[in-house]
Protein chains: 2
Amino acid sequence: APLGVELRCKCVKTISDFIHPRQITNINITPEGPHCSNIEVIATLKNGGKEICLNPETKWVQIVIKRMLHSANEKQ
Amino acid sequence: APLGVELRCKCVKTISDFIHPRQITNINITPEGPHCSNIEVIATLKNGGKEICLNPETKWVQIVIKRMLHSANEKQ
């Protein structure tokens, strides 16, 4: 398999509970593809590097990601 | 250092040129923090797993990420 490509879904289940962005080290978004029919959004937490699968349909997830991106614009 | 936490910025430079979403395996968003004063958006490409730093202020980057997240909603 090509480097960095998973051959199946990584998330068994996703959570919708709010996690404060301050607890999040980074967020990884993998679009759906031949390997998995779901978009997968995985947050790595600061405390120990634990990875959590987030529900991409959850409003807070979409808002947090949007705010992260827009904070870059505001700094200009 | 805690697992999964980089101690400095990962991106030396960022690109703004359009990359088709079909070429992207996943996108990793790291908010600014003590390790780095910039938000970092890193796309992993399908062809060989190359990692590219994207400019988070670029409109296409924001639109592609937004569309990825919203495609989850549309599937319901």
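At 12% relative accessibility, Trp60(A) counts as buried (under 20% relative accessible area; exposed is over 50% and partly exposed in between, with a 1.4 Å probe and protein chains only). Phe18(A), at 52%, counts as exposed. This is a predicted model, in which local features need pLDDT of at least 70 and side-chain atom pairs count only at pLDDT 80 or more, while totals for chains, interfaces and linings use all residues. Residues are numbered from 1 along each chain as its sequence is written, chains are lettered from A and ligands numbered from 1 in the order in which they are written, and side-chain values use heavy atoms, without hydrogens and water.

Rings of Phe, Tyr and Trp (its six-membered ring) pair if their centres lie within 6.5 Å; planes under 30 degrees apart count as stacked, over 60 as edge-to-face and the rest as tilted. By this rule there are 2 aromatic pairs over all chains. Phe18(A) and Trp60(A) form an edge-to-face pair, 5.1 Å centre to centre with 75 degrees between the planes. Phe18(A) lies in the segment before β1 (24-30) of chain A and Trp60(A) in helix α1 (residues 59-74) of chain A, so the pair ties together parts 42 residues apart in sequence. Helices (H or I, at least four residues) and strands (E, at least two) are DSSP runs, numbered from the N terminus.

In chain B, Trp60(B) counts as buried at 12% relative accessibility, and Phe18(B) as exposed at 52%. The ring centres of Phe18(B) and Trp60(B) are 5.1 Å apart and their planes at 75 degrees, so this pair is edge-to-face.
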